[in-house]
Protein chains: 2
Amino acid sequence: MYPKPLKKLIDHFSSLPSVGPKMAERLVIYLFKQNPEKINDFAKSLAELKTSLRYCEKCFNLSEQNICSICSDPKRDQTTICVVEEPLDIFAIEKTKQFSGLYHVLGGVLENLAPGNTLKIPELENRLKNEKISEVIIAMNPTTEGDATGLYIARMLKDYPVKITRLARGLSTGGDIEYADEITLGSAIINRR
Amino acid sequence: MYPKPLKKLIDHFSSLPSVGPKMAERLVIYLFKQNPEKINDFAKSLAELKTSLRYCEKCFNLSEQNICSICSDPKRDQTTICVVEEPLDIFAIEKTKQFSGLYHVLGGVLENLAPGNTLKIPELENRLKNEKISEVIIAMNPTTEGDATGLYIARMLKDYPVKITRLARGLSTGGDIEYADEITLGSAIINRR
């Protein structure tokens, strides 16, 4: 019923997470009303995504070079690795300006309590063998899967001479005690300082 | 902080309606994990959007040809025009299979009760002068702006020998009287049949 080129683009947008078919229709109609330069620039950025970006060979962050700007920055603390699930977590932590060490992107979490063969866990072990790391910060998402993955990594690392730490759990700044969920509030009480 | 190509694509996605910066980040990371063929096909569809589609010269529906498949279909009722706000409304009405006439896309609604110069109202008048139209169905969205626009068009058309009708207001099929808003329920009572 739709003209074919429209249908195809709607299908592409619908295939994205949290974009339903109705939203995809609206996005495509919105785009059609934009000027051609903007759309072409969008298409160009998209086409170049895979060629202009790769995973850092050391930490698996997204990077324009083989080694990312964080791994190749000599001013950063080379003895601390913060283990995260996804590259976006790095960007979030960097925004806080509270961490100046290195990162390691796992690429996800355990599935059915097994690491599968996509998680970059062997690569993390290699780094502990080859680099002079004294602390590993486990910065998984505060979810059941994130917790399980964090525990798995902590156990795996227990034979290495490194301090293992986790991000603190507690109240969100600007939040309201009355509305905090009980597990978070409980953590905030236990970890009071 | 993001690699530049990533930042640029995130900005493009963020510029879309109902896509915030966080969602744009997630979409781009998701895309980065897809295979290159899929991304290239997406980029190609996007780049071709403006060249492969245009507005139908007669009804302003989206079309691959100068005249859309509806306007050029001799089997459709050439005496009835259904006036809609946007091309997506046509696709929604076509899905019902309850209408076999022609359409006219206004391209929006009145702003500050004035038609501005982007709405295709003069073009609608020309069609009434040049085609043998006996009924105009006003199918604006059931909003304040849609109603105002519908009234404006109805007044404009009163000197033409056409029947002017509007879409019925009433209960949604599968809905619940208890939860219907009072204006809708009121319309359903008044228009009972």
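Q: What makes the interface of chain A and chain B one with polar contact?
A: The rule finds 14 residue pairs in polar contact across the interface of chain A and chain B, both residues at pLDDT 80 or more. A polar contact is a pair of N or O atoms within 3.5 Å; within protein, one must be able to donate a hydrogen and the other to accept it, and residues adjacent in sequence count only if both atoms are side-chain atoms. The structure is a predicted model, in which local features need pLDDT of at least 70 and side-chain atom pairs count only at pLDDT 80 or more, while totals for chains, interfaces and linings use all residues. Residues are numbered from 1 along each chain as its sequence is written, chains are lettered from A and ligands numbered from 1 in the order in which they are written, and side-chain values use heavy atoms, with hydrogens and water left out.

Q: Why is the meeting of Lys33(B) and Glu86(A) called a salt bridge?
A: Their side chains meet at 3.2 Å, N to O. The rule asks for a side-chain nitrogen of Lys or Arg within 4 Å of a carboxyl oxygen of Asp or Glu, so the pair qualifies. The count between chain A and chain B is 6 salt bridges.

Q: How much area do chain A and chain B bury between them?
A: About 5400 Å², 75% of it on carbon and sulfur atoms. This is the accessible area (1.4 Å probe) that two parts lose on being put together, summed over both. In contact (heavy atoms within 4.5 Å) are 50 residues of chain A and 50 residues of chain B.

Q: How do you know that β3 and β5 of chain B pair?
A: Strand β3 (residues 80–84) and strand β5 (residues 135–139) of chain B share 5 bridges in the parallel sense. Pairing needs at least two bridges found by DSSP, so these strands pair. Cys82(B), for one, has Ile137(B) in β5(B) as its bridge partner.

Q: What makes β4 and β6 of chain B edge strands?
A: The open sheet of 4 strands has the order β4-β3-β5-β6 (chain B), with parallel pairing. β4 (102–105) and β6 (163–166) of chain B each pair on one side only.
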